[in-house]
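Dear colleague,

Please find below the structure that I am handing over to you. My notes on what was found in it follow directly after.

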Amino acid sequence: MIVSVIILIGLLLAIGFIAGRSQDKYLFLKSGLYFFLMEITSSVALLISVSGVYFLMVKLLHYDIRILTFCLAATFIGGIINFYFIRFLKLFKNSNSMLVMQVEYYIQWTTIALTLYQFLTGSSANLKIFAKAGISAENLDINELNLLVLPLLLISWISIAMIKIYLTDRGH
């Protein structure tokens, strides 16, 4: 499993390295580090937003909140909180638009890859096809990915979009 993660991270960074290095040959590493830091801040933002929405809406106001509303509210609030974390930490204060763009692409590619993974491993028929082809049918739990990883990526995506708008609005 560790080897697989290292290979996938290496390939993700290789895409960034191949695509853009004329202005900054270490852009792919910087954006990889920023992506990693954003996932950490997104984790904290998700914890705060889920707790806040739950205690405010369910416990305090006794609102019969639907799961879709709960999840979207927690994700949107998490994105806003993460935006302020990023601004507080000044992650993108002196960065160029290429760095912001590449971090956004890392978020998008990871989200799309996990969505594709979910599609490919979502049915036992697909898993049988992989097993017949000699590819291990051992897979990660889709529900855990949906509950843990995708919300972090969505919060990061929301906050990076807010950062892009914020920087553009201020002429950066």
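Over residues 147-167 the chain is 100% helix and 0% strand, with end C-alpha atoms 31 Å apart. Helices (H or I, at least four residues) and strands (E, at least two) are DSSP runs, numbered from the N terminus. Please note that this is a predicted model, in which local features need pLDDT of at least 70 and side-chain atom pairs count only at pLDDT 80 or more, while totals for chains, interfaces and linings use all residues. Residues are numbered from 1 along each chain as its sequence is written, and side-chain values use heavy atoms, with hydrogens and water left out.

The stretch 147-167 is one of those that UniProt, in an unreviewed entry, lists as "transmembrane region"; the others are 32-55, 67-86 and 106-127. UniProt positions are given in the numbering used here, feature names are shortened, and annotations may be inferred rather than shown by experiment. Residues 32-55 are likewise 100% helix and 0% strand, and their end C-alpha atoms lie 34 Å apart.

Helix H4 (residues 97-121) has 25 residues and should span 36 Å at 1.5 Å a residue, which agrees with the 36 Å between its end C-alpha atoms. The expected span is 1.5 Å times one less than the number of residues.

What is the size of the largest nonpolar core, and which residues have the most contacts inside it? A nonpolar core is a set of buried Ala, Val, Leu, Ile, Met, Phe, Trp, Tyr and Cys residues joined through side-chain atoms within 4.5 Å. The largest has 22 residues, and Met38, Phe92, Val103 and Ile160 have the most contacts inside it. H2, helix H3 (67-89), H4 and H6 each give two or more residues to this core. Apart from it lies another core, of five residues, among them Ala45 and Leu152. Not counting residues up to four places away in sequence, Phe92 touches Tyr34, Met38, Val103 and Ile160, among others; contact means heavy atoms within 4.5 Å.

Leaving aside neighbours within four places in sequence, Ser156 is in contact with Met38, Glu39, Ser42, Asn82 and Ile107.

Yours sincerely

Key: Buried means under 20% relative accessible area, exposed over 50%, partly exposed in between (1.4 Å probe, protein chains only).
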